[in-house]
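Dear colleague,

I am handing over the structure below, and my notes on its helix packing and its sheet follow.

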Amino acid sequence: MDTARLDQALVSHDLYANPEKAYEVFRQLHAEDPLHWTDPKGHHPFWAVTKHADLAEVGRRNVVFLSSVQAFLQDDEEMALTMAASGKKTAPIRTIITMDGDEHKAYRGILQGYFIPANIRTRLPQLQDCARKLVDKMEALGGECDFVKDIAVYYPLLFITTLMDLPEEDHDKILRLTMRLMAPKDEQAGEGASIAAASKEFGAYFAGVVADRRANPTEDLASLIANAEVNGEPIGVMEAVSYYIVLATAGHDTTSSTLSCGIHQLLKHPDQFAELRANPKAVPLAVEEMFRFASPVKHFVRTAAQDYELRGKTIREGDALALFFHFANFDPEVYEDPYAFRINRAPNRHIAFGMGAHSCLGQHLARLVIPTFLTEFNERVESIELAGDPKYVASNRISGLSSLPVRYRFRQKAAA
């Protein structure tokens, strides 16, 4: 692939809708130019960072490489809409994803304790109930469903909204707005989908939740955020809203994408699936391989605050860097046979959760959510197979499968 086509592929939302095409790009950059100066038509130029070691180095140096200037790659049209909405290049609603330094540390600290493993494990009964409900739904669908649309997208969302005490009737609204924020170019986002419009609608919805939890605080996660203090002052309404948006979008979208990818890969590799079902102790390693293979967060952008040497090249102050997590998780210098799905891969030093100060706050939760579903699923589903061609979301932000038709049979229940 020549340089012009390669540069356009790197900013295309369609790249990840075709995994084999994406892998072709991965292989070319890893072999020829792993730190690639990218100057695509209709975009500002940037450095494409594709190697595991380089992403780790940039992630550790969060004073040199800032998150607050730009979160995701945007084309010129998207940038103009962002500028119109916020007056600057940053997103209309700031989140902990787009904060740096002490500010980021202070806001991250609001939920740091909530998401430690010891606290998350206390939520296991609620999580098991959510898994049971979704496997019940599979059974009620009569042996055939779209695993993504019917099951996977609702499972982690049900748990997150349970923690936040949001009504189930709002699930479809949250899914619709998540799609418009994270995959605005995908057909599911709808005609004329706008990130700015979705942000505004999300903001209005969650501002109502903030007002309610301040007037009627409870023990839920939404109340904890709405009534938090930052540096001795009450959290601002928009900052609380931004926290809700992160939880209600990335908090479920990444996990559902990983679960769908994992089931798909197990169906493609029946020997691996049989081994997993026969040996429950294999689940933790298998889940890590699912995270690596799915890499649901495709990239984040950092901006250099000073000149910096990386891989023998000079990153100039003000340069943008796109950290391609999915590419790095298939780095042949780190993973033997990286394009093979292996449930027993060890060690597995994937960076699907990022690294450094901005590593995923909810990673311990994600590592509990997927095994809990697999346990319920394996106990009750006797057999499962593909019932059609899978499809992928067209997005270079957060994406995965958009459709996974499956046919299955449940185990017969023992007589009372």
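Axes here are lines fitted to C-alpha atoms, for helices over the stretch in contact, with angles running from 0 to 180 degrees between N-to-C directions; helices (H or I, at least four residues) and strands (E, at least two) are DSSP runs numbered from the N terminus. The model is predicted, so that local features need pLDDT of at least 70 and side-chain atom pairs count only at pLDDT 80 or more, while totals for chains, interfaces and linings use all residues. Residues are numbered from 1 along each chain as its sequence is written, and side-chain values use heavy atoms, with hydrogens and water left out.

The axes of helix α14 (residues 250-268) and helix α16 (residues 283-294) cross at roughly 105 degrees and come within 9 Å. That makes α14 roughly perpendicular to α16 (65 to 115 degrees; under 35 counts as roughly parallel, over 145 as roughly antiparallel, and the rest as oblique). In contact terms (heavy atoms within 4.5 Å), Ser257, Thr258, Cys261, Gly262, Gln265 and Leu266 of α14 meet Met290, Phe291, Phe293 and Ala294 of α16.

Turning to the sheet, five strands form an open, mixed arrangement in the order β1-β2-β10-β7-β3, where two strands pair if DSSP finds at least two bridges between them. The edge strands, each pairing on one side only, are β1 (35-38) and β3 (65-66). Strand β3 runs antiparallel to β7 (residues 299-304), joined to it by two bridges, and Phe65 stands opposite Ala304 in β7. Helix α1 (residues 3-11) packs on the sheet, touching β1, β2 (46-49) and β10 (320-324), and its direction makes about 95 degrees with that of β1.

Best regards
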